[in-house]
Amino acid sequence: MSAQTDTLPPAFPAEPLKDNDADRLRIVPARRTGQWTAAVAVIILLALALNSVIRNDAFQWDVVGDYFTTTAVLRGLGLTLWLTALVMVLGFALGTLLAVLRLSANRVLQAVGWGYVWLFRSTPILVQLLFWFNIGALYPEILGVRTVNLLGPVTVAVIGLTLHEAAYAAEVVRGGILSVERGQLEAAQSLGLGPWRRLYRIVLPQAMRSIVPPAGNMLIGTLKGTSIVSIIAVQDLLYSVQLVYHRTYQVIPLLLVATLWYVVVTSLLSIGQHYVERYYARGTGDAR
């Protein structure tokens, strides 16, 4: 046994390390050759794609620059932004009410809220817009008022998009309310706060941390989804550029004009969403 022990190397060096031996103990980071190779390949491919887009004469970038800030395009952009803002405000107002109905202890109110969400999430938005656009054919009169030509294209767009967005907003708000700890509600109830005061003073401020991220996604989705109203001749951004290229036959550059404006606006909304999320994440350690 002692003979075997004598052949084992010592656990520690017999004498202390010298200064010139410190390099042997330096920690060397692992080489990630595969990752760097993949990164370089991706950069090269992106550069080639970007170069092909910029130098391809078929995109007609000079035409894009000419029409990018024309009055017709900016008017369509303004209507798109107005429609998006109005639909989001009305949609979340109605969605909050629906969320409260779904969380109510009353079975009838629960059924009404659930039925609304089920119906409007089950039907395509284009079908809903076409139904509202042809409401005069379905109901020629409502309460003695003739509905033929009663609703213009913009009004139909607001009604259709709002009712559609409210169904999704209801689930977003309901998820945010359910994320609030039960103890917060019990504490508010013990202070004698009524149901509505508990909702907007205690529940909703805390639920906003869970509501803001999906609400931001809904906002961006609504902005892009408003392009569907061009089917009912609402002169939004897409319809405005369509009117131009139907006259000039410059389809690609005019579509690029609309695309670039959507990219610019959605990028600005994403930046705003980031700061709103940071605001509601204060004190939680998640603000970044």
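# Briefing: helix packing, core and aromatic pairs

Ala166 is buried, with 0% relative accessible area. This residue belongs to helix α8. The model is a predicted one. In it, the protein has 12 helices and 2 strands. Of its 288 residues, 31% count as buried.

**Overall layout**

- Starting at the N terminus, the order of elements is α-α-α-α-α-α-α-β-β-α-α-α-α-α.
- The secondary structure totals 12 helices and 2 strands.

**Helix α4 against helix α8**

- Two packed helices are described by the angle between their axes and the distance between the axes.
- Helix α4 covers residues 71-102, and helix α8 covers residues 153-178.
- These two helices pack at about 45 degrees, and their axes lie 6 Å apart.
- The crossing of α4 past α8 is right-handed.
- The contact of α4 with α8 holds 19 nonpolar, 4 polar and 4 charged residues.

**Two buried residues in these helices**

- Ala166 sits in α8, and Gly91 sits in α4.
- Gly91 is buried, at 1% relative accessible area.
- Ala166 counts as buried because its value of 0% is under the 20% cut-off.
- Gly91 and Ala169 are 78 residues apart along the chain, yet their C-alpha atoms are separated by 6.6 Å.
- Ala166 and Val89 are 77 residues apart in sequence, with 9.6 Å from C-alpha to C-alpha.

**Other helix pairs**

- α4 also packs with α12, at an angle of about 40 degrees and with the axes 12 Å apart.
- This makes α4 oblique to α12.
- The crossing of α4 and α12 is right-handed.
- Helix α9 (residues 182-190) packs with helix α10 (residues 195-225) at about 155 degrees.
- The axes of α9 and α10 are 11 Å apart.
- α9 is therefore roughly antiparallel to α10, because angles over 145 degrees count that way.
- α9 passes α10 in a right-handed crossing.

**The largest nonpolar core**

- In soluble globular proteins, nonpolar side chains tend to be buried together.
- The largest nonpolar core here has 18 residues.
- Leu237, Val241, Leu254 and Val257 touch the most other members of this core.
- Two or more residues come from each of α3, α4, α11 (237-248) and α12.
- Helix α12 gives the most to the core, with 7 residues.

**Aromatic pairs**

- The count comes to 5 aromatic pairs.
- One of them joins Phe59 and Trp61, with ring centres 5.8 Å apart and 25 degrees between the planes.
- The Phe59 and Trp61 pair is stacked, because planes under 30 degrees apart count as such.
- Phe59 is partly exposed, with a relative accessible area of 22%.
- Trp61 is partly exposed as well, at 33% relative accessibility.
- The rings of Phe68 and Trp261 are also stacked, with centres 4.4 Å apart and planes at 5 degrees.
- This pair links distant parts of the chain, as Phe68 and Trp261 are 193 residues apart.
- Phe68 lies in the loop between α3 (61-67) and α4, while Trp261 lies in helix α12 (residues 251-280).
- Trp261 counts as buried, at 14% relative accessibility.

- Most residues other than glycine have a negative phi.
- Ala233 is not a glycine, but its phi is positive, at about 65 degrees.
- Ala233 is found in the loop between α10 and α11.
- With 41% relative accessibility, Ala233 is partly exposed.
- Tyr249 has a positive phi too, near 65 degrees.
- Tyr249 is placed in the loop between α11 and α12.
- Tyr249 counts as exposed because its 71% relative accessibility is over the 50% cut-off.

How values were computed. Residues numbered from 1 in each chain as written. Predicted model: local features only at pLDDT ≥ 70, side-chain atom pairs only at ≥ 80, totals over all residues. Heavy atoms only, no water. Axes fitted to C-alpha atoms, helices over the stretch in contact; angles between N-to-C directions. Helix = DSSP H or I, 4+ residues; strand = E, 2+ residues; numbered from the N terminus. Left-handed = near helix turned anticlockwise from the far one by under 90°. Nonpolar A, V, L, I, M, F, W, Y, C, P; charged D, E, K, R; others polar. Phe/Tyr/Trp six-rings, centres within 6.5 Å; stacked < 30°, edge-to-face > 60°. Buried < 20%, exposed > 50% of the residue type's maximum accessible area, 1.4 Å probe, protein only. Core = buried A, V, L, I, M, F, W, Y, C linked by side-chain atoms within 4.5 Å. Parallel < 35°, antiparallel > 145°, perpendicular 65-115°, else oblique.
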